[in-house]
Amino acid sequence: ENADPRRTAFLLHKQWTLYSVTPLYRFSNTRLRDYARLLSAFIAAEKQKGLAVEIGVELDIKVAVSSLPDLKGSDQDQAAILVQLSLRSPASSKNSEEKLIWLGWFCCVSGDDLSENVPEDFTCLPLFLANGAESYTSIVGSWFQKTFDCCFRRLAISPLNLSWMAAMWTGCKVDKTTSAMELVFSVPCLPQPLDISYAIHPEDAKALWDTVQKTPGEITQEEVDVFMDCLYSHFHRHFKIHLSATKLVKVSTAIASAHCDGIIKFLQSQYLTGVLMLLTELAISQIQ
């Protein structure tokens with residue numbers, strides 16, 4: 001893993017909403033400070049219902065745009081871009097502490113296939129993750145779309161991809177963990193929503209996966225299907241409920257948790273780029 005745990009620790013244990021982003025036109029890593037000033041003015045104008053705001057004037061929301069060079073899967077990947085919004089009290093002094101109110105970042109981890117197929121003027125950062133109020137996500141997304149002629153779309157995670165995550169993350173080694181692997185299923189065609197939570201001890205889940213996986217380091221669809229079928233059979237034996245008739249909506253493990261609505265939480269720094277590689281692949285598939 002390339003990510004430096006000390007520089008990426010702030011990304012852990014937060015709830016991130018996922019988006020796919022088409023390539024950015026004429027984006028430059030050398031102009032990040034300029035982008036921060038322009039975005040700051042745009043946010044202020046939006047908050048004042050469209051009234052023009054002079055660029056460079058002290059605003060109550062401070063914008064910082066910076067690079068996260070550690071979050072790359074290959075040399076061809078663009079460095080991740082972090083956008084931070086901080087609240088600054090007008091009455092406070094310049095040296096007072098600012099309150100971070102919103103975070104968003106673009107990344108591309110092992111997205112070589114996409115990067116090789118776009119013109120030179122475009123920058124490929126297909127995965128965007130946001131933490132904070134949706135109103136700020138909308139404003140920031142709007143500025144990037146207008147400035148770089150790109151398009152944002154919410155990135156959902158299918159039950160099939162969730163089952164892959166359950167299998168892959170179960171097979172990962174973690175030094176210390178007592179958290180169970182939890183699968184949440186939604187029961188369809190009911191007047192009221194009903195979810196079924198299925199918790200499995202991490203050592204039991206790992207032992208099952210070890211019996212299913214034929215080649216360490218490689219995963220096939222057949223292995224994922226067998227793994228999930230075994231879990232379904234065990235649940236049916238105890239509760240007489242066919243989970244195959246429900247919809248898998250959430251997976252939680254010691255590595256990460258993911259929801260079908262496109263919500264993710266990273267829990268282990270050593271597997272951060274590995275999870276981002278999978279999410280980048282999902283984002284690229286939605287763009288294409």
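User: At what angle do helix 6 and helix 7 pack in this predicted model, and which word describes helix 6 relative to helix 7?

Analyst: In this predicted model, helix 6 (residues 202-212) and helix 7 (residues 221-239) have axes 10 Å apart. The angle at which the two pack is about 135 degrees. Angles over 145 degrees count as roughly antiparallel and those from 65 to 115 as roughly perpendicular. The value for this pair therefore makes helix 6 oblique to helix 7.

User: Which residues of helix 7 meet helix 6?

Analyst: On the side of helix 6, the residues taking part are Ala205, Leu208, Trp209 and Val212. By class, the contact of helix 6 with helix 7 has nine nonpolar, no polar and one charged residues.

User: Is the crossing of helix 6 and helix 7 left-handed or right-handed?

Analyst: The two helices pack with their axes 10 Å apart. Their crossing is right-handed.

User: How is helix 5 oriented relative to helix 7?

Analyst: Helix 5 (residues 159-170) packs against helix 7 with the axes 10 Å apart. The angle between them is about 85 degrees. Because angles of 65 to 115 degrees fall in one class, helix 5 is roughly perpendicular to helix 7.

User: How many nonpolar residues does the contact of helix 5 with helix 7 have?

Analyst: Helix 5 contributes Leu160, Ser163, Trp164, Ala166, Ala167 and Thr170. Helix 7 contributes Gln221, Val224, Phe227 and Met228. The contact has three polar and no charged residues, and its nonpolar residues number seven.

User: Is threonine 170 buried or exposed?

Analyst: Threonine 170 lies in helix 5. Leaving out residues up to four places away in sequence, threonine 170 touches Met165, Met181, Ala205, Lys206, Trp209 and Phe227. Its relative accessible area is 9%. Since buried means under 20%, threonine 170 is buried.

User: Which accessibility class does isoleucine 101 have?

Analyst: Isoleucine 101 is placed in strand 5 (residues 99-107). Beyond its neighbours within four places in sequence, isoleucine 101 is in contact with Ile61, Leu85, Ser86, Leu87, Gly132 and Tyr136. With 22% relative accessibility, isoleucine 101 counts as partly exposed.

User: What distance separates the C-alpha atoms of isoleucine 101 and leucine 87?

Analyst: Leu87 is among the contacts of isoleucine 101. The two residues are 14 residues apart along the chain, and their C-alpha atoms are separated by 6.5 Å.

User: What distance separates the centres of domain 1 and domain 2?

Analyst: The domain assignment of the chain gives domain 1 as 5-154 and domain 2 as 159-260. Taken over C-alpha atoms, the centres of domain 1 and domain 2 are separated by 34 Å.

Terms used. Residues numbered from 1 in each chain as written. Predicted model: local features only at pLDDT ≥ 70, side-chain atom pairs only at ≥ 80, totals over all residues. Heavy atoms only, no water. Axes fitted to C-alpha atoms, helices over the stretch in contact; angles between N-to-C directions. Helix = DSSP H or I, 4+ residues; strand = E, 2+ residues; numbered from the N terminus. Parallel < 35°, antiparallel > 145°, perpendicular 65-115°, else oblique. Left-handed = near helix turned anticlockwise from the far one by under 90°. Contact = heavy atoms within 4.5 Å. Nonpolar A, V, L, I, M, F, W, Y, C, P; charged D, E, K, R; others polar. Domains from an automatic or database assignment. Buried < 20%, exposed > 50% of the residue type's maximum accessible area, 1.4 Å probe, protein only.
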